[in-house]
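Visitor: Please take a close look at one residue of this model, and then carry the account on to the contact between the chains.

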2 protein chains.
Amino acid sequence: MRTVGFLGFGEAGSTMARGLRSAGMSGIVAYDVASEDSPLVRRRAAEAGVELLARPQDLCQRADLLVSAVVCTEAAAAASSVAPHLDARHAYLDINSVAPAVKRAIGVDLASRAVSYVDVAVMTNVTSDLTALPMLVAGPEASEVQSWFADVPLHVTVVSSTVGDASRIKMLRSLFVKGLEALCLEVMLAAYPNGVHERVLSSFEETFGAYSFPELVRHLIERHAVHGERRANELHEVANALREMGVEPMLAEAAYERASWDVRRGLQASFAGGEDPEWTEVLEVLCGLASEERP
Amino acid sequence: MRTVGFLGFGEAGSTMARGLRSAGMSGIVAYDVASEDSPLVRRRAAEAGVELLARPQDLCQRADLLVSAVVCTEAAAAASSVAPHLDARHAYLDINSVAPAVKRAIGVDLASRAVSYVDVAVMTNVTSDLTALPMLVAGPEASEVQSWFADVPLHVTVVSSTVGDASRIKMLRSLFVKGLEALCLEVMLAAYPNGVHERVLSSFEETFGAYSFPELVRHLIERHAVHGERRANELHEVANALREMGVEPMLAEAAYERASWDVRRGLQASFAGGEDPEWTEVLEVLCGLASEERP
């Protein structure tokens, strides 16, 4: 079994480390830039039975299977801090939530040092039950990831041999999750002071509670194709209503722009008078409109 | 029983008219600015057994219970077109999806003519089964709405005696529904050409499928309070990822601004180190930050 070293030991890294420990792995090490100043990092390491090391080069010497789990703004800097100390002996699993281009750039740099770089997308909140933690992996050595962890059972799915292909899926999932989070904030900034937060939620649930999320998405896209103009205009009213309530309509305005973008380009006309379309038919036309405008 | 007259006879008006007819109401009339040019409007009227009238004043003469159901951009113009012909004999139900201020302005104008103006919010897609069509009503005469329709059973809930209070709830519901619609468009503009649309949806469903919508909203707001900075930064990465894929990150950028707005003002610090907060505790702090900035 290889020796795992965490580069970054925050919530994600320490949770995974506990999972590896309880699956029988020992000798896990970690390096975190904040470890000297952060009692939290030191406590997490103690609780997970992980040895904290003082310098990036110590991590690279002791571990041959690095897991990068830093805050996403530090993914490239973290890789740079260890790169000079890595060679063909090392694999580098990059679980950070960063754009495909960031992972490709890190991958190119590390591949030039013969490091096996893997783009890993963690597809849910990190849990220490590693068998329940769906991970997508991409890169030339993606199919070897499970073997590197020997008999610790992971829930990995190989997406492709191209770095960035796992990250892309994760980014679009994140747009749904964190976009919805932001939408919740904007609705509630207006609803809560008026005492209507429960009422707004229960109305949504009353109409859409029977839909699964994929069904709801398909339904909304199909409705958009037929009634997009009316629905976009309603977002304009919503933005005005938010301003009345003293809330800056950041998402309402952006949603109006997004929903009226294709209306202005004739999406609705493509589906006028016919049967209600399937969502993939709508997406064909929608993505066609977008590709026409690319340089 | 009063005589119902639809001001605007599009999808919403004609669907409600069919519902009133099948509940036994007769003598329904309608006026639509487009009726001369639109075979669709005339066909809908014929199918619903509704007499189309030529002029706004004809509508006001024949009907004493007006239902305004135009496109939302025309709500004020539609009211102006009939206002000179209305008096104390008339009630005016405004079911349009417009901001509270728009309804208040119309309400003030019509009240000056002794018309009973009611702010009506239709809280789901309009269906001809009127007993299954939840409507919120607000205004001085809101509690009389059911009696105006005699023995046609409606699903009306009186919100308050203040015009705009129903509209406000509808606007915030619409921000959820149409904001989510726009989010779907942005995700799918990037996902579909890369063939990952099903994968993104199933990942979301895998993580959140067991949550009701209200549970999901509460969960996201509670997560935001504790991990808002990291989650907002991920939206910044998502925006970069969309640009890579040739999609303008309209919602990703707005969501980043919305989610980082309170992070920059210290929301997360309020919940550092403590128990995971309840969503209403988060909303108290969040709305407090917002009210501090209002002039």
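Guide: A:Asp64 is buried, since its relative accessible area is 16%, where buried means under 20%, exposed over 50% and partly exposed in between (1.4 Å probe, protein chains only). The model is a predicted one, in which local features need pLDDT of at least 70 and side-chain atom pairs count only at pLDDT 80 or more, whereas totals for chains, interfaces and linings use all residues; side-chain values use heavy atoms, with hydrogens and water left out. Residues are numbered from 1 along each chain as its sequence is written, chains are lettered from A, and ligands are numbered from 1 in the order in which they are written.

A:Asp64 sits in the loop between α3 (56-62) and β4 (65-68) of chain A; helices (H or I, at least four residues) and strands (E, at least two) are DSSP runs numbered from the N terminus. Its side chain reaches the backbone nitrogen of A:Thr3 at 2.9 Å. With neighbours within four places in sequence left aside, A:Asp64 is in contact with A:Arg2, A:Thr3, A:Arg89, A:His90 and A:Ala91, contact meaning heavy atoms within 4.5 Å.

Two other loop residues of chain A deserve mention for their backbone. Most residues other than glycine have a negative phi. A:Ala114, however, has a positive phi of about 70°; this residue lies in the loop between α5 (100-111) and β6 (116-122) and is partly exposed, with a relative accessible area of 42%. A:Ala150 has a positive phi near 45°, belongs to the loop between α6 (145-148) and β8 (155-160), and is partly exposed at 36%.

As for the contact between the chains, 102 residues come from chain A and 102 from chain B. Chain A and chain B bury about 9600 Å² between them, 72% of it on carbon and sulfur atoms; buried area is the accessible area (1.4 Å probe) that two parts lose on being put together, summed over both. Across this interface there are 12 salt bridges, each a side-chain nitrogen of Lys or Arg within 4 Å of a carboxyl oxygen of Asp or Glu. One of the salt bridges joins B:Glu186 to A:Arg258, with the closest N and O atoms 3.0 Å apart. On the side of chain A that touches chain B, α7(A) gives the most, with 24 residues.

Methods: Polar contact = N/O pair within 3.5 Å; in protein donor to acceptor, adjacent residues only side chain to side chain.
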